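This report is written for a reader new to the structure displayed below. Please keep the sequence and the model in view while reading.

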Amino acid sequence: MDGKNQTAVTEFIFLGFSSVLYLRLTLFVIFLTVYLLSLMGNTLIIFIVLTDVTLQTPMYIFLGNLSFLEIWYTTATVPKLLATCLAQVVTISVFGCITQYYFFFSMGATECILLAVMAYDRYLAVCSPLRYSLLMSLRVCLRFSAGSWIGGFIAPLLPTILISHLSFCGPQKINHFFCDSDPIFKLSCSDTFLVEALGYTCSSVVILSSFLLTMSSYGHIVVTIIRLSSREARKKTFSTCASHLTVVSIYYGTIIFAYVRPPAKYNFTIGKVISVFYCVVTPLVNPLIYTLRNKDVKKAFRKLLSQKRLLLA
């Protein structure tokens, strides 16, 4: 059916998680708390990196980019998630749904690329310390940062254009809390084979290539650490990378399960639960891990607090 000039459905309805009121309210409190903590934590990291001169190095510039990304990554989906917990009927226009799809997958792709770049940065710092300042200069760092954003926003562009040409004739209920790819395809009365194949290929290429590059960097780091003669030196070197590796493991573990698979294998209930991890939990875990496990960030945070106390005194 050709839906380019005629679209019967003008808006979709999110089903969310449950129709039971007390369960929806409980989830609302949990998700709102995590969302606010995520916003505050990531905003704090950005502020510290911008204001503390000692943290204006490639490693922390990448961290600031990641925190900025996480703020918008969660904001693309969590407000609708919170709305589905408060109201029984939460709608979104077809155009709004496609727009949400594009920005969500753009920022997801940007995060994949940025995590790979951060792993490469740590690889240079550990494996080529004498040449690190030359290989990862401020100019190179900014180019990598810009490239991550540009590449991330280009990756889902073609699938999004193809989705915008699909026709939707009903039903109009999305069995999710945001406009994910499989629920959208399920509602279309057009032939979605091409856009599904393209979307699956794009997501698999971005996720797996960035994952393999990240793991390759950490593989070289581990080999270098093992070769260090001093046990204390090995412990200190690995601790600088442990926080990043933790974030990478949590994030890639969930998105590979969710998107690197045949479309026919999609389970909507499991999909929604897994989505909570990479849409809600991971953006909170990022600032927690980096602040709790990083001495430089904690030192800068204590310095910021002491300055505030002096101003208030």
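## Val117 and its surroundings

Leaving aside residues up to four places away in sequence, Val117 touches Phe62, Phe144 and Ser148; a contact means heavy atoms within 4.5 Å. Val117 is found in helix H4, which covers residues 94–127. Helices (H or I, at least four residues) and strands (E, at least two) are DSSP runs, numbered from the N terminus.

With a relative accessibility of 9%, Val117 counts as buried. Buried stands for under 20% relative accessible area, exposed for over 50%, and partly exposed for values in between (1.4 Å probe, protein chains only). The C-alpha atoms of Val117 and Leu82 are separated by 32 Å, and the two residues are 35 residues apart along the chain.

## Basis of the model

The model is predicted: local features need pLDDT of at least 70, side-chain atom pairs count only at pLDDT 80 or more, and totals for chains, interfaces and linings use all residues. Residues are numbered from 1 along each chain as its sequence is written, and side-chain values use heavy atoms, with hydrogens and water left out.

## Leu32 in helix H1

Leu32 has its place in helix H1, residues 21–51. Its relative accessibility is 27%, so Leu32 counts as partly exposed. Between Leu32 and Phe47 there are 22 Å from C-alpha to C-alpha, at a distance of 15 residues in sequence.

## Overall form

The protein contains twelve helices and three strands. Its radius of gyration is 21 Å, close to the 20 Å that the globule rule gives for 313 residues, so the protein is as compact as a globular protein of that length. The radius is taken over C-alpha atoms, and the rule is 2.2 Å times the number of residues to the power 0.38. Along the principal axes, the C-alpha atoms fill a box of roughly 65 × 50 × 30 Å.

Of the 313 residues, 48% count as buried. Among contacts with a separation of 6 or more, 82% come from residues 24 or more positions apart.

## Aromatic pairs

Across the whole structure, a search finds 22 aromatic pairs. In the pair Phe177 and Phe178, the ring centres are 5.3 Å apart and the planes stand at 55 degrees, so this pair is tilted. Rings of Phe, Tyr and Trp (its six-membered ring) pair if their centres lie within 6.5 Å; planes under 30 degrees apart count as stacked, over 60 as edge-to-face and the rest as tilted. Phe177 and Phe178 are both buried.
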